[in-house]
Protein chains: 4
Amino acid sequence: MDDKSLRIDEASIVFSEKPELTEPVLIEGLPGVGNVGKLAAEHLIDEIGATKFADIYSTDFPPQVFVNDDGTVKLARNELYYCKGPTDLVILTGDYQGLSTRGQYILVQTVLDLVQTYGTRRIYTLGGYGVGVEVDEPTVTGAATHLELVEEHEQYGIVFKDKAGGGIVGASGLLLGIGTMMDMEGVCLMGETSGYMVDPGSAREVLKTLASILDIDIGFAKLEEKAEEISKIAQRIKQLEESGGSDKEAGDLNYIG
Amino acid sequence: MDDKSLRIDEASIVFSEKPELTEPVLIEGLPGVGNVGKLAAEHLIDEIGATKFADIYSTDFPPQVFVNDDGTVKLARNELYYCKGPTDLVILTGDYQGLSTRGQYILVQTVLDLVQTYGTRRIYTLGGYGVGVEVDEPTVTGAATHLELVEEHEQYGIVFKDKAGGGIVGASGLLLGIGTMMDMEGVCLMGETSGYMVDPGSAREVLKTLASILDIDIGFAKLEEKAEEISKIAQRIKQLEESGGSDKEAGDLNYIG
Amino acid sequence: MDDKSLRIDEASIVFSEKPELTEPVLIEGLPGVGNVGKLAAEHLIDEIGATKFADIYSTDFPPQVFVNDDGTVKLARNELYYCKGPTDLVILTGDYQGLSTRGQYILVQTVLDLVQTYGTRRIYTLGGYGVGVEVDEPTVTGAATHLELVEEHEQYGIVFKDKAGGGIVGASGLLLGIGTMMDMEGVCLMGETSGYMVDPGSAREVLKTLASILDIDIGFAKLEEKAEEISKIAQRIKQLEESGGSDKEAGDLNYIG
Amino acid sequence: MDDKSLRIDEASIVFSEKPELTEPVLIEGLPGVGNVGKLAAEHLIDEIGATKFADIYSTDFPPQVFVNDDGTVKLARNELYYCKGPTDLVILTGDYQGLSTRGQYILVQTVLDLVQTYGTRRIYTLGGYGVGVEVDEPTVTGAATHLELVEEHEQYGIVFKDKAGGGIVGASGLLLGIGTMMDMEGVCLMGETSGYMVDPGSAREVLKTLASILDIDIGFAKLEEKAEEISKIAQRIKQLEESGGSDKEAGDLNYIG
């Protein structure tokens, strides 16, 4: 970093590179329900080999460092990646969302201000949609800034109107709401998820839908693996619960309750 | 919106129209006890065909968008309507009040600054007054900025002094308190309500009183309908509770407790 | 008020009069343990006939108005009174302390900035000192900004060093702590109190001590009355508790528990 | 203090002396788990006879004064000490860390801005590492800003990588995280501790490691004494618990439970 006098404020961007981008599509995947958005964004970054070009620090992120595997530390941050292609992409991910109401607004506006300088017009925000029960084949629900986008995206199997009357909390919602005011348009893609565990399976469905929209070709092997792992863990928990809960013949419960 | 560089701050007004108004009376109905104020303000807007002319955004509103029935999203906001007539009106409503103490002050001051430019002298704030028990014929309680207003308004059947010693929290109170400091005067109209459910019946009484004060002629059919609906729901809940609670002969309760 | 464009900020003073004062002693009594400080300050204001000269508003006070007995409203505030005499006095009282940590600092600094313009050198802050048990003859405990003040004030029967190792929270503490940094000096007078009820008896002891220090002659009849009233209420509560707790012979408790 | 017009803000430094220092190493020990960091920093200050040169006040510290043994008061603060030697040292300690997320960032940045003017390049932050069980021989765990520092410090018996995947919360973490951005480097030394009591024994191990790194020769008698005292108290608590828990023969527990 060149500037030794940086002071972290509500949203401070530190660039490691200043890429030239043409109307990049902004994609957001930050922590949230089932960690669906973050898992999808990280997998996308890996698969397309996106390059990190900036860190975002904030006095609204937890006041802490994270200890890496090699014993070094990393300050709480969000990260911006880019990938040039037929359609340029900017991807926002990270380990945190702002902790305060005001911080969330300022972080989102700072990101939008930046991508506006690149000419961004289109935004996709990725997240999970908690339904409270286990989901075998998660659908992808959507919400959009404009009615034309709703119609344009129904062809990709996205179910709109399902969340009508509800709200989209955090960066995934604010980027669309504030983006609209900055002449941008966008869609939030939400993967169905139980809400009880991290859900790579739901992230896969969300990312498949996004890949199809952006017409990019990526693999899903790593997400599949993670999904299977989680599925096995869930299975084991379920078995334990069932053996405990249904073992009425043995009358074992008498010893507990 | 013309200005692409808007940054939402503690209270940012975005105009869709700049109406010419003559000393408009400011009417406020935001969410609160029994949602009485908001229901009354929205019904008034519908009945007199008021026109929206501005949105108020705030870093103190929940960081979220609301999903509309058609799958599009709407950023958390307050809304300002106007209606020209013998007496011009400006109506403030919305889905939220500021989340923080400071935010409440700043939002109220921003609205007062705006209406002061139109020459506003008179304010009516609408709300509910929770009494903790079901109310069949809700009275309208009042509090005013000046003693002359107390006397002037008692003719409309408003009971003043009932809340003496209590407080009026949120925009309904602050608009009067801060308005006084800006040479405005006003009255808070509070409809009696249980405080347990949304209360269109209480909103009707508040709005009837306001219509009588402003000498405007509006219908109440929609509020009546909503009130009946809520009344039926309340009735059903009561019956369920009573059948559960009084059915001692059958001894059914033994199976529960 | 002349200035219609006032915006309430973290601490905004609105003057109704600009008295000429000579090095006034600042006396503070705001709500706190047993309401001792506020009761003492208000009684002092009544007895010496002090004149209100300013209101302090703050975005850190509860966002509400208080409804007076006549149906008018009053915005949450602090109040400044003065009294000219052999020693001029400025008295700070009110219904609230700042709600946030930062607000407390800013309110206190704003008051100190004001009295510094009058040449204030000496501060007395009044409060209660909760001991958790009923106190028949409350002592007055003290803490001071300088060791000379400790020595100077021990002659008035104030017990210093009793609170050693503890803290004085809120305006009573901050006025001394920050005052020191502004070349002022001061003493906090804390009346022993149970901490369970408002305690006019403790306020009387604190005020007697202060009157003796300031060499002013005031009556205590009203505080005595209030103290007796509270004492009777406490007595009744005690009797009820005792009859309930010890009435084992009558076996009455079976009807309750 | 010269400046009577100081207003305490988020981080306000008041100097009692302006020492000339050459690239001092910054050492931080503030309250935290087991109070390990603060105990270590205070002991170091005593042993090397460091001189206080500045107080740091903050609207983010508790709004209170602390009552000293002599009846005088002290405003909540942090303190900076220095000691000139083969390697100059600046030591940061105090009774509080910032209460809010944002305050923590600003306090840390203010300290770093100051020591940067002295040419500081190296930082050591001291703290405890709670393990939830009693520890007889506490190890010292570390985390560093750069991989070279990890390697450089393993010779002192510091266990790196043990906290991998975890976080370091508060000033100990932020000083490293933000320091890195200001071209500084540093290590956090964390003493194993149960986390249930203040732990002078863990502080001794941390300080021994630091003394060895800085090649300074200090005594540990006072920390030993405190450690023994705490150890005795812990012993007594344990005995009480055990006698209570294992005294089955006497059947005494029947009288309690």
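Helix H2 (101-118), strand S9 (140-144), helix H3 (147-154), strand S10 (167-169) and helix H4 (171-181) of chain A each give at least two residues to the side of chain A that touches chain B. Helices (H or I, at least four residues) and strands (E, at least two) are DSSP runs, numbered from the N terminus. H2(A) provides the largest share of that side of chain A, nine residues.

The model is predicted, and local features need pLDDT of at least 70, side-chain atom pairs count only at pLDDT 80 or more, and totals for chains, interfaces and linings use all residues. Residues are numbered from 1 along each chain as its sequence is written, chains are lettered from A and ligands numbered from 1 in the order in which they are written, and side-chain values use heavy atoms, with hydrogens and water left out.

The contact between chain A and chain B takes 33 residues from chain A and 29 residues from chain B, contact meaning heavy atoms within 4.5 Å. The size of an interface is often given as the accessible area lost when the parts come together. Chain A and chain B bury about 2400 Å² between them, with 59% of it on carbon and sulfur atoms; buried area is the accessible area (1.4 Å probe) that two parts lose on being put together, summed over both. Of the area that chain A buries against chain B, A:Arg102, A:Tyr105 and A:Met181 supply 27%, more than any other three residues. Two salt bridges cross the interface of chain A and chain B, a salt bridge being a side-chain nitrogen of Lys or Arg within 4 Å of a carboxyl oxygen of Asp or Glu. A:Arg102 forms a salt bridge with B:Asp9, with the closest N and O atoms 3.0 Å apart.

Chain A also meets chain D, with 29 residues of chain A in contact with 33 residues of chain D. About 2400 Å² is buried between chain A and chain D, and carbon and sulfur atoms give 59% of this area. Two salt bridges are counted between chain A and chain D. In a salt bridge between D:Asp113 and A:Arg7, the closest N and O atoms are 3.1 Å apart. Strand S4 (64-67) and strand S5 (73-75) of chain A each supply at least two residues of the side of chain A that touches chain D. The largest share of that side, four residues, comes from S4(A). Chain A and chain C do not touch, their nearest C-alpha atoms being 15 Å apart. Chain B and chain D do not touch either, and their nearest C-alpha atoms are 15 Å apart.

Over all chains the count comes to 60 salt bridges. A:Arg122 and A:Glu185 meet through their side chains in a salt bridge (2.7 Å, N to O). This pair links distant parts of the chain, with A:Arg122 in strand S8 (residues 122-130) and A:Glu185 in strand S11 (residues 185-193) of chain A, 63 residues apart. A:Arg122 is buried, at a relative accessible area of 16%; buried means under 20% relative accessible area, exposed over 50%, partly exposed in between (1.4 Å probe, protein chains only). In chain D, the side chains of D:Arg122 and D:Glu152 form a salt bridge (3.5 Å, N to O). D:Arg122 lies in strand S8 (residues 122-130) of chain D and D:Glu152 in helix H3 (residues 147-154) of chain D, so the pair ties together parts 30 residues apart in sequence. D:Arg122 is buried, with a relative accessible area of 16%, whereas D:Glu152 is partly exposed, with 34%. A network of salt bridges links A:Lys52, A:Asp55, A:Lys74, A:Arg77 and A:Glu79.

The structure holds 16 aromatic pairs over all chains. Rings of Phe, Tyr and Trp (its six-membered ring) pair if their centres lie within 6.5 Å; planes under 30 degrees apart count as stacked, over 60 as edge-to-face and the rest as tilted. A:Phe15, A:Phe53, A:Tyr82 and A:Tyr118 form one aromatic cluster.
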